[in-house]
Structures are given as C-alpha cells and as structure tokens.
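Let's take a walk through this protein together, one spot at a time. Have a look at the chain first, and keep it open while you read.

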Amino acid sequence: MAAAVFNQSIGASQSLGHFNTSGLHQEFGKGSVRLISKAFEVDVGLSKRGCYNSSQRNLSIIRASTSQTSLIDIVSSPSHNKSNDSRKKSGEAALILIRHGESLWNEKNLFTGCVDVPLTKKGVEEAIEAGKRISNIPIDMIYTSALIRAQMTAMLAMTQHRRKKVPVIMHNESEQATAWSQIFSEDTKKQSIPVVADWRLNERMYGELQGLNKQETADRYGKEQVHEWRRSYDVPPPNGESLEMCAQRAVAYFKDQIEPQLLAGKNVMIAAHGNSLRSIIMYLDKLTSQEVISLELSTGIPMLYISKEGKFIRRGSPAGPAEAGVYAYTKKLALYRQKLDEMVH
Ligand SMILES: O=C(O)[C@@H](CO)OP(=O)(O)O
C-alpha cells in the first residue's frame with residue numbers, strides 16, 4: 001500500500017507542471033474571476049530554475065505531522081520550535097491559502113475592504129466545498145484575518161476535515177483573555193488546531209470607496225480610474241491602502257509569524273482576502289508588481305503550496321477529496337493519507 005501511494009506521489013511530481021497549469025486554469029477559468037496566464041508563466045519560470053524538478057522525486061521520509069506542542073506556546077511565540085529546527089530543517093510543510101467565500105457585499109457588488117460583513121449562503125457553501133477539497137491535507141495551524149468572512153470560511157472548511165481536530169480561536173488580546181481561554185488537558189490540546197486571527201491579514205483598506213457600488217463608482221469616475229484604484233500596485237484609492245501598502249503589512253506578518261511555523265514543519269492554512277492573499281502570492285511566487293496586477297483569485301477555492309527548504313512550490317488547487325493526486329503531492333502527505341485510511345477502515 002505504502003509503495004503504491006508513493007508511486008502515485010512520484011507520478012504526481014513528474015506531471016506536476018501539466019497538472020498545475022491545467023488544474024488551476026480549469027479551476028479559475030470556471031468562476032467569474034480567474035488566475036491569469038502571467039502566473040503560469042511564472043510557474044514555468046520556476047520549473048526552469050529547477051524548483052519543480054528532481055528535488056521533487058527525491059523526497060525524504062518525514063515524521064507524520066500529528067505532534068503538537070502547547071497551543072499557547074506555539075501561538076505566543078512562533079519561534080518556540082527553534083530548538084527543534086535542526087531536526088526539522090529538511091522538512092516540508094503544506095500551506096493552504098483560501099480566499100473567503102462570497103460575502104453579502106460581494107453579492108451586492110460593494111467595495112468591502114475592512115468593513116466586517118458575513119458570508120452569503122453561497123459563501124457558506126463555497127467554504128464547505130473548499131473544506132472537502134482539503135479534507136485529507138493535515139493542518140496544524142490556521143491563520144485568518146480579523147474579519148468574520150475569513151473566520152467563517154476557515155471554520156466551515158474545517159467541519160469537513162477528516163482528522164476531526166477542533167479549531168480553537170486563540171485569544172491573546174489581553175492577559176486575562178489568554179488566561180481565561182487556557183486548555184488544561186494535553187490530550188485535548190493535541191486534538192485542537194490553534195486559530196490565530198490577525199488584522200494584518202485583513203482585506204486592503206479601501207478608504208472612501210468602502211460601501212460604494214463598484215459599477216456606480218465606475219460610471220461616476222470612469223472605468224480606467226476605478227481599475228487603477230482596484231488593480232494598480234501602488235496607487236491607493238482615496239484615503240485607502242494601495243496593494244503595495246497592503247503587502248507591506250500582510251507579507252511582513254507572513255514572514256514573521258507564519259513562515260517560522262512552516263519551517264518548523266507545521267502545516268498551515270490561511271483564510272484571508274483577495275488583496276491580502278494576492279500580496280502573499282506575489283511573495284511566494286516572486287511575481288513582479290506588473291505581474292500581480294492581473295492576478296485574480298476566486299472566492300472559496302483553496303490553493304496548495306509545499307514549503308520546502310525555504311522555497312514555495314505551487315501545487316495548484318486540490319480537485320476533490322477523492323483524487324489521488326491531492327494526497328500524493330509529497331511522500332509525507334501520502335503517508336498521512338494512508339494513516340487516515342487505516343484509521344477509518
Ligand atoms: O471590495 C473589496 O474589498 C475587494 C474584494 O472583494 O474588491 P476588489 O476585487 O475590487 O479588490
């Protein structure tokens with residue numbers, strides 16, 4: 001069984017370039033928005049530089065990622081695992097990015113930014129569907145923005161996870177909040193996934209456009225002006241954040257808080273927003289400020305990266321929970337899948 005699963009892993013690696021491009025194109029082509037060809041060009045570029053090549057076929061066996069230290073320790077100090085770094089240095093970790101499902105203001109075509117509106121029923125369904133797609137990928141840590149649409153998406157997605165660990169929101173806004181939300185059972189902690197909510201993953205602050213209708217704004221100020229506000233890299237909307245400004249805080253947060261977890265071998269899911277995730281993808285995929293302009297993300301579609309030795313390898317969007325390729329991205333994930341299967345049967 002292990003050999004069979006591993007062979008699938010090798011196969012998935014060999015056909016990765018093709019899978020990635022067609023998988024993403026299909027996924028993003030279906031929706032109202034899509035991931036544009038620029039990103040594929042970057043994919044090919046990475047492949048040419050060797051990131052997707054032989055190292056993929058030579059994956060070392062790594063511990064199944066079921067162990068956890070104290071949730072509070074991990075969250076209060078992302079560098080907590082530094083002492084384990086040498087053991088885990090050659091490790092890989094999964095990074096899942098999900099843009100929240102459709103919100104009530106997406107539905108009304110309003111500029112939303114940092115206004116905190118919930119998901120629509122369709123958004124709820126998208127989040128559940130996203131959860132099915134990643135239900136076999138191990139998750140040790142969850143990061144969301146401070147906004148309810150991202151938090152709902154993360155929580156709804158986790159209702160579908162096969163491992164059935166409980167996502168627990170960390171409260172460190174005050175000493176009392178931290179003390180009052182402690183868990184006193186090591187077993188229960190092991191069955192929990194810490195969820196860290198931070199404003200630095202919030203949607204870009206849209207300034208005086210927040211609450212305005214996108215179409216009416218285009219009619220009033222012109223299509224070009226609105227496109228510049230929405231998609232240029234460094235032109236902010238009136239009194240709001242440009243993508244560059246959004247990237248400064250979102251990518252800094254990713255580097256300071258999330259990357260150390262990945263380097264320590266923790267599998268991470270981030271549920272966030274169109275523009276905070278575009279900034280993070282710009283960093284992961286080394287997109288230029290020109291290339292990121294045409295990067296569009298669909299609501300509720302999970303995107304998987306493998307973090308390996310400080311590099312990020314884009315693996316596209318898991319097509320469905322039953323698809324072998326989803327589990328066979330790396331030997332570690334294949335072994336994890338096997339463990340889950342053994343638990344069920
Ligand atoms: O309104 C917003 O907050 C964002 C995301 O929905 O819009 P845009 O796609 O224009 O960046």
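Start at Asn-239, which lies in the loop between α13 (223-231) and α14; helices (H or I, at least four residues) and strands (E, at least two) are DSSP runs, numbered from the N terminus. Asn-239 is exposed, at 61% relative accessible area. Here, buried means under 20% relative accessible area, exposed over 50%, and partly exposed in between (1.4 Å probe, protein chains only). Asn-239 isn't a glycine, yet has a positive phi of about 55 degrees.

Before we go further, a word on the model: it is predicted, so local features need pLDDT of at least 70 and side-chain atom pairs count only at pLDDT 80 or more, while totals for chains, interfaces and linings use all residues. Residues are numbered from 1 along each chain as its sequence is written, and side-chain values use heavy atoms, leaving out hydrogens and water.

Another loop residue is Lys-164, placed between α9 (148-158) and β3 (166-169). Lys-164 is not a glycine either, and its positive phi is about 60 degrees. It counts as exposed because its relative accessibility is 54%.

Now zoom out. The chain has 18 helices and seven strands, and 53% of its 345 residues count as buried.

What sits inside? The largest nonpolar core holds 30 residues, and Leu-95, Leu-97, Tyr-143, Phe-254 and Ile-270 touch the most other members. (Such a core is a set of buried Ala, Val, Leu, Ile, Met, Phe, Trp, Tyr and Cys residues joined through side-chain atoms within 4.5 Å.) Elements giving two or more residues to this core include β1 (92-99), α14 (243-263) and β5 (268-272). The top contributor is α14, with six residues. In soluble globular proteins, nonpolar side chains tend to be buried together. There's also a second, separate core of 15 residues, with Ile-137 and Ala-154 among them.

Next, Tyr-283 in helix α15. Is Tyr-283 buried, exposed or partly exposed? It counts as partly exposed, because its relative accessibility is 28%. Setting aside neighbours within four places in sequence, Tyr-283 is in contact (heavy atoms within 4.5 Å) with Val-251, Phe-254, Lys-255, Glu-259 and Phe-312. Tyr-283 and Lys-255 are 28 residues apart in sequence, with 9.7 Å from C-alpha to C-alpha.

His-100 sits in the loop between β1 and α7 (104-107). At 2% relative accessibility, His-100 counts as buried. Its side chain makes a polar contact with the side chain of Arg-149, at 3.4 Å. A polar contact is a pair of N or O atoms within 3.5 Å; within protein, one must be able to donate a hydrogen and the other to accept it, and residues adjacent in sequence count only if both atoms are side-chain atoms. His-100 also touches Asn-106.

| Residue | Distance to ligand oxygen |
|---|---|
| Arg-99 | 3.3 Å |
| Asn-106 | 3.2 Å |
| Arg-230 | 2.6 Å |

Taken alone, the ligand exposes 310 Å², and the protein buries 95% of that; these areas come from the Shrake-Rupley method with a 1.4 Å probe, and for residues only the protein chains shown count as cover.
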